[in-house]
Amino acid sequence: MSVTIQDVEHIAELARLEFTEEEKGKLTAQLNSILAYMEQLNKLDTSAIEPLSHVIELSNVFREDVMKPGLATEDALKNAPAKTEQFFKVPKVIGDR
Amino acid sequence: MKTFETIQTELRAGTTTCERLTGEYLGTIEAGSGLNAFLSVFSEKAVAQARLVDRKLADGTAGKLAGMVVSIKDVICVKDERVTCGSKILEQFISPYNATVVDRLVAEDAIIVGKNNMDEFAMGSSTENSAYGRVKLVQDETRVPGGSSGGSAVAVRAGMATVSLGSDTGGSIRQPASFTGVVGLKPTYGRVSRFGLVAFASSFDSIGSLALTTRDCAQVLNVIAGHDERDSTSAKIPVPDFTSALDKNVIGLRVGIPKEYFGEGLDPDVRTAVEKSIDTLKKNGATVEEVSLPHTEYTIATYYILATAEASSNLARYDGARYGYRAKKARDLAGMYTASRSEGFGSEVKRRIMLGTYVLSAGYYDAYYRKGQKVRRLIQQDFLKAFDSVDCLITPTAPTTAFKAGEKVDDPLTMYLSDIYTTSANLAGIPGISVPFGKDHQGLPIGVQILGRQFDEATILKVADFLESAS
């Protein structure tokens with residue numbers, strides 16, 4: 001498998017990142033070299049192995065369903081780049097198209 | 001430079017006070033500001049806390065860590081203070097709460113002195129990836145202190161804090177401890193609550209400590225370990241007194257030497273030091289046997305698939321909407337996300353987000369991510385099998401001593417390979433510690449790594465403490 005500039009553009013869009021043409025070229029080469037290194041996992045037959053998603057295999061952890069105080073609205077808004085009294089403020093959701 | 005044991009002795013003898021000690025630490029931080037180990041210093045708050053602890057000591061009501069001056073890696077939240085994660089994207093972010101570990105330290109009267117510089121979002125092995133400039137090695141400023149907890153390691157080595165809390169996702173406590181010549185402990189995954197630790201790779205991240213001695217790491221672990229209802233992955237497993245394991249006795253201890261950790265790429269001076277540490281244990285009554293961890297060659301590939309996948313998901317939250325950096329130019333919401341992230345993140349973070357997004361994307365998920373999870377199980381099984389016949393494993397912490405700044409920044413894969421001996425512990429969820437043991441021909445510190453069974457920090461602390469006194 002080899003990554004192309006078009007792949008990098010597609011992944012960047014998924015990740016909400018943008019790059020200059022020069023960065024795209026560099027990133028394509030770097031991703032290809034890293035992914036080529038990762039290909040070595042294909043030497044292993046893992047067809048009978050269960051994936052490991054958590055190292056201390058916990059089952060569901062529950063707590064009592066009781067109300068507790070959370071972060072106050074005022075505190076939650078303290079770090080907002082833009083806000084109204086009670087809400088985070090963002091640019092238009094629908095573009096100018 | 002004082003260990004916590006020395007501080008306790010001096011406080012008991014009345015030859016110093018917490019206020020005087022804190023003043024000394026603040027003076028050292030100021031004098032060493034060129035090392036760039038701190039991103040914020042809490043001068044006034046630390047002195048106020050020190051005065052309070054002095055009063056408690058006089059009353060006989062002081063906690064277990066009274067007199068310990070602690071710095072915190074800037075990825076762990078301290079209420080009403082900045083937590084930047086070494087990133088421009090969080091430059092202005094003020095934490096609205098304390099991490100559980102910070103609450104627990106303060107409850108035992110530790111004095112929090114400031115926040116340490118780090119690789120952006122803990123992604124790096126040299127602390128060159130900080131948006132606030134690189135951290136310099138105390139012993140040679142042209143070299144790196146390792147990473148990502150490079151600021152923490154330098155703070156302890158230079159006497160700017162008694163102890164520093166760091167985070168270890170693939171070696172970020174142990175490798176800088178090795179480069180700077182301090183002790184660095186990564187506890188078992190789930191031993192310490194991650195509440196208030198900014199997430200990088202949630203199934204790997206562990207909070208641990210860096211200190212001048214193993215005993216100091218054990219004292220800190222006594223306080224920060226244990227279940228926390230605010231972190232559902234923190235284990236409900238009893239916490240022993242870890243200092244009671246430090247008995248300087250290794251008779252009958254079964255030590256395993258994983259042969260795969262002594263192959264190509266290992267610096268000869270590092271090899272010699274690690275072999276000497278093994279001899280020391282043998283001479284003092286431990287039994288030593290060679291073991292095999294056959295999937296070792298796959299650890300770096302597996303780690304960078306899984307950790308970048310988790311990172312790409314965790315870092316999706318930085319979109320400029322609710323907190324963090326927001327780009328000015330955006331006209332619509334999607335444009336704001338893209339511009340804020342592109343301007344706010346540094347290049348290594350973007351590279352890892354790209355890699356993580358790629359391995360999780362449609363068509364590649366099974367080939368990379370799921371494959372990685374399967375190999376992770378094989379790697380964990382290697383350790384389980386080894387621990388059937390031995391109590392701990394001895395390895396180098398890093399393949400080399402501290403390297404020159406700039407040497408690896410343009411070659412991500414080479415940089416990733418400096419984590420070759422440390423990522424396995426995070427993949428398997430086991431504890432690991434790096435303890436200084438000798439120096440190379442240039443006088444740079446060498447670290448020996450001890451790996452143990454899940455939740456058996458006691459054994460690796462015992463061995464580290466023994467090697468520390470023998471080195």
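Good morning. At 13% relative accessibility, Thr233(B) counts as buried, because the cut-off for that term is under 20%. Please bear in mind that this is a predicted model.

Where does Thr233(B) lie in chain B? Thr233(B) sits in the loop that runs between α7 (214–224) and β7 (254–258) of chain B. Its side chain takes part in two polar contacts that I wish to mention: one with the side chain of Asp231(B), at 2.6 Å, and one with the side chain of Arg194(B), at 2.8 Å.

Which residues does Thr233(B) touch, leaving aside those up to four places away in sequence? From chain B they are Tyr189(B), Gly190(B) and Arg194(B), and from chain A they are His54(A), Ile56(A) and Leu58(A).

That brings me to the interface itself. Here 70 residues of chain B are in contact with 53 residues of chain A. The area buried between the two chains is about 5600 Å², and carbon and sulfur atoms give 66% of it.

Three salt bridges are found across it. The side chain of Lys68(A) meets that of Glu229(B) in a salt bridge, 2.7 Å from N to O.

On the side of chain B that touches chain A, the elements giving two or more residues include α9 (299–314) and α10 (333–344). The largest share, twelve residues, comes from α12(B). By type, the residues of this side divide into 35 nonpolar, 19 polar and 16 charged. Thank you.

Key:
Residues numbered from 1 in each chain as written. Chains lettered and ligands numbered in written order. Predicted model: local features only at pLDDT ≥ 70, side-chain atom pairs only at ≥ 80, totals over all residues. Heavy atoms only, no water. Contact = heavy atoms within 4.5 Å. Buried area = accessible area lost by both parts, 1.4 Å probe. Salt bridge = Lys/Arg side-chain N within 4 Å of Asp/Glu carboxyl O. Helix = DSSP H or I, 4+ residues; strand = E, 2+ residues; numbered from the N terminus. Nonpolar A, V, L, I, M, F, W, Y, C, P; charged D, E, K, R; others polar. Buried < 20%, exposed > 50% of the residue type's maximum accessible area, 1.4 Å probe, protein only. Polar contact = N/O pair within 3.5 Å; in protein donor to acceptor, adjacent residues only side chain to side chain.
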